[in-house]
Amino acid sequence: MAMKASPAPCTFGSDLEMVFAIFANVLEVDEGGQTLNDGDARYRAAQWVRALCDPDYQVEPPFEAWETELHGP
């Protein structure tokens, strides 16, 4: 059985990069550097991972464009 080649885990646009992008895009930090919603950011990133591993899983609410926006090098 031949395995399908997957992109390198650390390339631009990889699944690993998307996990970090979602976490960072959702995370809110106040003026004093304190995180305000780290649990929400972790949950949304975990939803991405679960959707990759479980084809029957539906992300609710669906990701918005700003949550999955990648910021290039």
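Axes here are lines fitted to C-alpha atoms, for helices over the stretch in contact, and angles run from 0 to 180 degrees between N-to-C directions. I note at the outset that the model is predicted.

**Entry 1: overall content**

I looked up the secondary structure first. The protein chain has 2 helices and 0 strands. I then checked burial and found that 18% of the 73 residues in the chain are buried. For contacts between residues at least 6 apart in sequence, I noted that 40% join residues at least 24 apart.

**Entry 2: the helix pair**

Two packed helices are described by the angle between their axes and the distance between the axes. I took both values for this pair. Helix α1 covers residues 15-26 and helix α2 covers residues 38-53. Their axes come within 8 Å and cross at roughly 155°. Angles over 145 degrees count as roughly antiparallel, so I recorded α1 and α2 as roughly antiparallel to each other. I also looked up the hand of the crossing, which is right-handed.

Which residues of α1 and α2 meet? On the α1 side I listed D15, M18, V19, I22, F23 and V26. On the α2 side I listed D38, D40, A41, R42, R44, A45, W48, V49 and L52. Sorted by class, this contact has 10 nonpolar and 5 charged residues, with no polar ones.

**Entry 3: I22**

I picked I22 from helix α1. Is I22 buried or exposed? Its relative accessibility is 0%, and under 20% is the cut-off for buried, so I22 counts as buried.

I next listed what I22 touches, leaving out residues up to four places away in sequence. The list is R44, A45, W48, F63, E67 and T68. For one of these partners, W48, I looked up the separation. I22 and W48 are 26 residues apart in sequence, and their C-alpha atoms are 8.3 Å apart in space.

**Entry 4: Q47**

I turned to Q47, which lies in helix α2. Its relative accessible area is 2%, so I marked Q47 as buried.

What does the side chain of Q47 reach? I found the backbone oxygen of E60 at 3.2 Å. Leaving aside neighbours within four places in sequence, Q47 is in contact with Y57, V59, E60 and F63.

Notes: Residues numbered from 1 in each chain as written. Predicted model: local features only at pLDDT ≥ 70, side-chain atom pairs only at ≥ 80, totals over all residues. Heavy atoms only, no water. Helix = DSSP H or I, 4+ residues; strand = E, 2+ residues; numbered from the N terminus. Parallel < 35°, antiparallel > 145°, perpendicular 65-115°, else oblique. Left-handed = near helix turned anticlockwise from the far one by under 90°. Contact = heavy atoms within 4.5 Å. Nonpolar A, V, L, I, M, F, W, Y, C, P; charged D, E, K, R; others polar. Buried < 20%, exposed > 50% of the residue type's maximum accessible area, 1.4 Å probe, protein only. Polar contact = N/O pair within 3.5 Å; in protein donor to acceptor, adjacent residues only side chain to side chain.
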